[in-house]
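This briefing is intended for a reader who is meeting the structure for the first time. Please view the sequence and the model together before reading the notes below.

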Amino acid sequence: VATEKIPEKWVKTTCGYCSVGCGMKVGVRGDRAVAVRGDEDHPVNRGKLCPKGLSEHHTLQARSRALRPLLKQKNEFQPVSWDTALDTMVEKFLSVQAKYGKQALGVLSTGQLVTEEFYALGKLIQLGFGTSNYDGNTTLCMASAVAGYKRSFGSDGPPGAYDDLAESDLVILIGANIADNHPILCQRLAENRQGTVVVVDPRVTKTAMLADLHLPVKPRSDIALLNGIGHVLIAESMIDAAYIERHTTGFEQLRTHLAAYTPSHVAGISGLTEEQVLDIARRFGRARAPFVAWTMGVNHSTQGAETVNAICNLSLLTGKLGFAGAAPFSITGQCNAMGSREASCTSSLPGYRKFESAEDRAEIAKLWNVDPSVIPTKRGHAYPDLVEGMVKKEIRALWIIATNPLVSFPNYDVLTQALGNLEFLVVQDGFHPTPTTLHADLVLPAAIWGEKEGTYTNSERRVSKVNAAVPPPGEALSDFEIFLRTAGQLGVRDKLFPNWTGPRDAFEEWRQVSKGRLCDYSGLSYELLETAGPIQWPHPQGTESTGTRRLYADGRFEHSDEKAKLFCIEWQPAPEQPSRQYPFVLNTGRTVEHWHTRTKTGEVEMLHRMSPRAWLEMNPTDAERLGLEMHDKVTLVSRRGQVDGVELRVTSIIAPGHVFLPFHYFEYNSNRLTLSAYDPISREPNYKQCAVRVERSH
Ligand code: SF4
């Protein structure tokens, strides 16, 4: 090994990609990160890392790092000082607000910041700029899980733990290809020695190949299957009547509702046989501790939140949650999507306080030392509604932070129209150019993972310390510092962030704000996280350092009557059906080598080489019918747009009539095809199904 690649020290931190939350050590030589290795003592990954984590240090030295503030003048980006950049931003935002009202300013953030930054940003947006039109790209990935948990249990917060993967005797993964998307979590399935692993997925994913049983349902039929399981549990007396009576409401309505979901009816919708429906229902009923985990196959749907409720119904009907191995468990996407759920002001006020609750508003106002009237009584626009607001010219200025919507938001043409209507667009990112920064009037260069301090919370509510291994490049600043300086420019720094100098100050305030809430951090400190390692919340002051492995162990939920709610969910077909002109159902998803829109992984040579371009999966019978062969270049066309020159992969892992395209690649942007259809409850987009035709490219 060349000397320049030998680390002089190792800095402990947490992976900045996915929500598994692996612990790692960054090898540093001088002020360069030269290696990454897994942290053997971390309870999540025990030394292992996936290809993204192992090569994460390369992202710090990417050629496309944003190095200095850039202001667009006469259509050209010109470097400016931070003072000029922030002065311009604040002046433009305030003038738009003076002209069109406070809500004419929108903010779109991310799941990539540290919790301390989410907390500071929420205060800055709500109290400093006085707009509630603030949401994150987290609405594109896990808003359905959030809304579903709130409806069923009274609060967001995944009730289970990763240990449940080993301790369950029946693991059901619905719409969750964890082999590609959460690889280290997938490896923990190997710890399950006596249980059965079932994968419910329309594709024969790598996860399905690893499972004991694969149920290849038709896309978007999971609610019918879940209701069918509920039907059989009731019909065959496999429910826990005492638990239902003591801890839930809505059982009689649900019993009546599920009567129609007979195995034969469900078989007709799902494409499974009656026997398969009966078999999975009986496995669930007999299991000591069933663990049902899901990700985007459930969330990315116009019925995402309701599907979550249908999953929670099964745990509640059988009383099988709150103990080892048993939980309805959402696996989150981004490294700190959970932190944004807990501490920001997007779909809830910090600490899962409800905008609609006068008591919650009064409490947060007191903690923030402001009049309760300044706390909004309902959340502002969710992400798709912000875009709609831009189209209608109600939102006139936008601040985008660490996200790349021109690749990730559905229906590309609508978004470009929306951005074109803005009077001022600021994009704060660690990378430039990206498709989105190129549209900006002002680019603010931000530090990324490896260059800043704070905490992340992973999918199992485990709070991990994040540390800076190296300084940010050029003039880039941490998002935290940018928020503080913006508050200074706005004249509210002393009021909002009195005597704050770094993330530790935000953490200390957040500890107090979260005290007594479900996500109680009051017993945590940076020192404890450094010495005891990562800890699962709630961790109230005065408790042991092991945290809380599972929620709702006592059957007391967060609704005002302390009972969970059972929901009657009706299966509905997908919003766009195939037709003669658009005969295929397009499914979109990921590959193990890449992360979201590839701003980071596209810059890592090893990952780029492993997966340099998109591909389209098509069943051999469809390929033969269309006269197409492996590696042919094809064009996909939907009612909204087209994608050209995609390499064809002829494979039976995809069912006839369906095609699959990974969504990472701007050059083959699947979101030129996807539709503007959203879950009416969670506002999450329906990325998983739209109708397309496939032609040979010319
Ligand atoms: Fe990072 Fe997720 Fe890979 Fe772990 S599984 S190394 S958290 S990307």
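The model is predicted. The chain contains 27 helices and 26 strands, and 59% of its 698 residues are buried.

**Overall fold**
- The radius of gyration of the chain is 24 Å, which agrees with the value near 26 Å that a compact globule of 698 residues would have.
- The C-alpha trace spans about 70 × 65 × 60 Å along its principal axes.
- Of the contacts between residues at least 6 apart in sequence, 74% join residues at least 24 apart.

**Surroundings of the ligand**
- The ligand has 14 residues around it, and those that come nearest are Cys-15, Cys-18, Cys-22, Cys-50 and Gly-53.
- By type, the shell consists of 9 nonpolar residues, 4 polar residues and 1 charged residue.
- Helices α1 (51–54) and α8 (183–188) each contribute at least two residues to this shell.
- The ligand lies between domain 1 (3–60) and domain 3 (143–331), because both domains give residues to the shell.

**Helix α10**
- Helix α10 runs over residues 222–235, and the 20 Å from its first C-alpha to its last is close to the 20 Å expected for its 14 residues at 1.5 Å a residue.
- This helix is mostly covered, with 12 of its 14 residues buried; among them are Asp-222, Asn-227 and His-231.
- Ser-237 follows α10 and has a positive phi, near 50°.

Methods. Residues are numbered from 1 along each chain as its sequence is written. This is a predicted model: local features need pLDDT of at least 70, side-chain atom pairs count only at pLDDT 80 or more; totals for chains, interfaces and linings use all residues. Helices (H or I, at least four residues) and strands (E, at least two) are DSSP runs, numbered from the N terminus. The radius of gyration is taken over C-alpha atoms; the globule rule is 2.2 Å times the number of residues to the power 0.38. A residue is buried if 20 or more other C-beta atoms lie within 10 Å of its own, exposed if 12 or fewer, and partly exposed in between; C-beta atoms are placed from the backbone. Two residues are in contact if their C-beta atoms, placed from the backbone, lie within 7 Å. A residue is near a molecule or strand if its C-beta atom, placed from the backbone, lies within 6 Å of it. Ala, Val, Leu, Ile, Met, Phe, Trp, Tyr, Cys and Pro count as nonpolar, Asp, Glu, Lys and Arg as charged, and the others, Gly among them, as polar. Domain bounds come from an automatic or database domain assignment. The expected span of a helix is 1.5 Å times one less than its number of residues.
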